[in-house]
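Let's take a friendly walk through one protein chain, a piece at a time. Keep the picture at hand as you read.

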Amino acid sequence: AALVGAAGVALGNMVGCLTTGKKKYVAVEADIQALNARAEALRLELEALVQADADAFAPLAAAYGLPKDTPEQAAHKASVLEAALDSASAVPLQIMEKCADLLPDYFSFVKGIVDSQDLSLNISREMLQKDSQLKLIHNALEKKIKNELHAMLNNDRAKYEEFWKEFGRQIKFGAYSDYGMHAELLRDLLLFWSAKEQKMVTLQEYIDKMSAEQKYIYFAAGDSTDRLAKLPSAELVLDKGYDVLLLTEDVDEFCLQIMRSYPRKDAEGKDGTVEFKNVNSGDLGLETEDEKKAAEDATAENKPLFDAMKDALDGKVKEVKVSTRLKDHPVCLSADGPLSIEMEKVLSKQPGSEGVKSDKVLELNINHPVFAVLKAAQEAGDTDKVKKYSSLLYAQAQLIEGLPVDDPAAYAEAVCSLMK
């Protein structure tokens, strides 16, 4: 009996082929490989209570929807694929033409035929969808494809990174979806850009190079690796000798947040975990107790000024305080709570999520000359100047974080007034 079709086409028509290795399917292999010369053939010998034997083709590029293809070329490739599958499915009994339950969505770039002698025949197609044997085939396919991709990652890194460029986003969505149910299965396949190594690294490679005293896996999320590496908080972590993962896709931070942590052995070799930490979150775990105490004392000492700044910003920030993460920059924004600033940016683009806001904290560098000007204005009772400088500093912090300035015209006018 044959089940034709795996998971449906998703994310830009990314399609591969899954077909049995029996002689009558040789023509199908030739047709698929002719369409996608860069396909990686994965031999699948599925060992389970149900017997199924297959070859999987994991494409290294979106062969049926490449940007260079015209619509006519893409349609031709798709038609050849369907014709090949139709010819291969000419077996004594075809149970189902389309079977989305064979593979999960995050492996939906694989498409083809599974041939098995053990499927129940005297049932309806609707009952087959709930058949336990089908579930066994699903689990075996899922596990084997994951293991083969992991083998490619370890044995042919360049080829895997080429594959990741096309399909990595889909796998990250798989780790995030269903409340992280599949995160443990997929986490070893994930790649992220390393600010320190200047290349893609796995989470395990990051862990292997962590120093014993490092408390977190640090990451920064945004739209550009160049901009993220220049964030004040990222520079602080890098100056400490720690690496920062730079996340540039909208799903990235959601993926790490749903996983929460990654396995790591402690100094004694015992199993443990290390949590992920956004460099723009409140406590980075980099400060000594003396540094924390000094910042708290400075915040308390300047409470009248910070209260005035918070009032001037009219609810835009939850708190104004002294920063322990700034060296050369006068100001930055951090997030207090589980919703980061980058997650706010992503969610705000979704329908019905326009009102989602992170709790922002405006952090000031008390060693910067701008702070001395602010403090002098507050002590002199110049409330207008405090208000103007508060708005300017908040706008600068927004720009650093990649956020749009609330009122660009007012910001430009305020900057020009300082130049007079």
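## Two strands side by side

In this predicted model, strand β14 pairs with strand β15, which covers residues 360-364. The two run in the antiparallel sense, and 5 bridges link them. You can follow the pairing residue by residue: V331 stands opposite L364 in β15, while A335 has K360 of β15 as its bridge partner.

## The sheet they belong to

Which strands make up the sheet, and in what order? It is an open sheet of 3 strands, arranged β13-β15-β14, with mixed pairing. The edge places are taken by β13 (319-322) and β14 (331-335); each has a single partner strand, so one side of each has no neighbour in the sheet. From one strand to the next, the twist averages 30 degrees.

A helix joins the picture here. Helix α15, residues 383-400, packs on the sheet and touches β14 and β15. The direction of α15 makes about 65 degrees with that of β14.

## A closer look at β14

Now look at the side chains of β14. V331, L333 and A335 point one way from the strand, and C332 and S334 point the other way. Are these residues buried or exposed? All of them are buried. With 5 of its 5 residues buried, β14 is largely enclosed by the rest of the structure.

Elsewhere in the chain, helix α10 (residues 252-259) packs with helix α13 (residues 341-348). Their axes lie 10 Å apart and meet at an angle of about 120 degrees. Why are the two called oblique? Angles of 65 to 115 degrees count as roughly perpendicular and those over 145 as roughly antiparallel, so an angle of about 120 degrees makes α10 and α13 oblique to each other. The crossing of α10 past α13 is left-handed.

Which residues make the contact? On α10 they are E253, F254 and Q257, and on α13 they are E342, M343, V346 and L347. By type, this contact of α10 with α13 has 4 nonpolar residues, 1 polar and 2 charged.

## The whole chain

Finally, step back to see everything together. The chain has 420 residues, and 47% of them count as buried. Its secondary structure comes to 16 helices and 15 strands. Among contacts in the chain with a separation of 6 or more, 72% are between residues 24 or more positions apart.

Conventions. Residues numbered from 1 in each chain as written. Predicted model: local features only at pLDDT ≥ 70, side-chain atom pairs only at ≥ 80, totals over all residues. Heavy atoms only, no water. Pairing = 2+ DSSP bridges. Helix = DSSP H or I, 4+ residues; strand = E, 2+ residues; numbered from the N terminus. Axes fitted to C-alpha atoms, helices over the stretch in contact; angles between N-to-C directions. Contact = heavy atoms within 4.5 Å. Parallel < 35°, antiparallel > 145°, perpendicular 65-115°, else oblique. Left-handed = near helix turned anticlockwise from the far one by under 90°. Nonpolar A, V, L, I, M, F, W, Y, C, P; charged D, E, K, R; others polar. Buried < 20%, exposed > 50% of the residue type's maximum accessible area, 1.4 Å probe, protein only.
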